[in-house]
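Please open the model in your viewer and keep the sequence panel beside it. The tour below moves from one selection to the next and says what is found at each stop.

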Amino acid sequence: MFILINSIFGIIGQLTKSIVLSEISNYWYLFLVVVIGGHIGNYLNLKIFPTRFLALITSILVLLVAIRIGIKLFL
């Protein structure tokens, strides 16, 4: 639910920029990819991978992104 609400407000924020409205038609296919990826991720979460494994993978990804942002910020 958090990701959904965050994504909706992120889209609303991007749509307030005038340049985004003229270029939105170039990226319509990304919406389809996100929906398909969400369904695949939900299936993997419910049927294949245990919750603890997915929590571990997610935490590793968050740490890697935080380190990458930190490196770009301070170097």
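How many aromatic pairs does the structure hold? The structure holds one, and selecting F49 and F53 brings up this pair, which is tilted, with 5.2 Å centre to centre and 35 degrees between the planes. Here rings of Phe, Tyr and Trp (its six-membered ring) pair if their centres lie within 6.5 Å, and planes under 30 degrees apart count as stacked, over 60 as edge-to-face and the rest as tilted.

This is a predicted model, in which local features need pLDDT of at least 70 and side-chain atom pairs count only at pLDDT 80 or more, whereas totals for chains, interfaces and linings use all residues. Residues are numbered from 1 along each chain as its sequence is written, and side-chain values use heavy atoms, with hydrogens and water left out.

Colour next by accessibility, where buried means under 20% relative accessible area, exposed over 50% and partly exposed in between (1.4 Å probe, protein chains only). F49 counts as partly exposed because its relative accessibility is 32%, and F53 counts as partly exposed because its value is 35%. Across the protein, buried residues make up 1% of the 75 residues.

Now switch to a cartoon view. The protein has four helices and zero strands, these being DSSP runs numbered from the N terminus (H or I, at least four residues, for helices; E, at least two, for strands). Zoom out, and the C-alpha trace spans about 45 × 40 × 20 Å along its principal axes.

Select Y27 next, which lies in the loop between α2 and α3. Y27 counts as partly exposed because its relative accessibility is 45%.

Finish at the largest pocket, whose volume is about 770 Å³. On a 1 Å grid over the protein atoms alone, a pocket is an open set of points where a 1.4 Å probe fits, with protein on both sides within 12 Å along at least five of seven lines, and lining residues have an atom within 4 Å of a point. Grid points are joined across faces, edges and corners, and the volume is the space filled by probe spheres set on the points. Select S7, I11, L30, F31 and V34, which are the closest to the pocket's centre of the 20 residues that line it. The largest share of this lining, eight residues, comes from α1.
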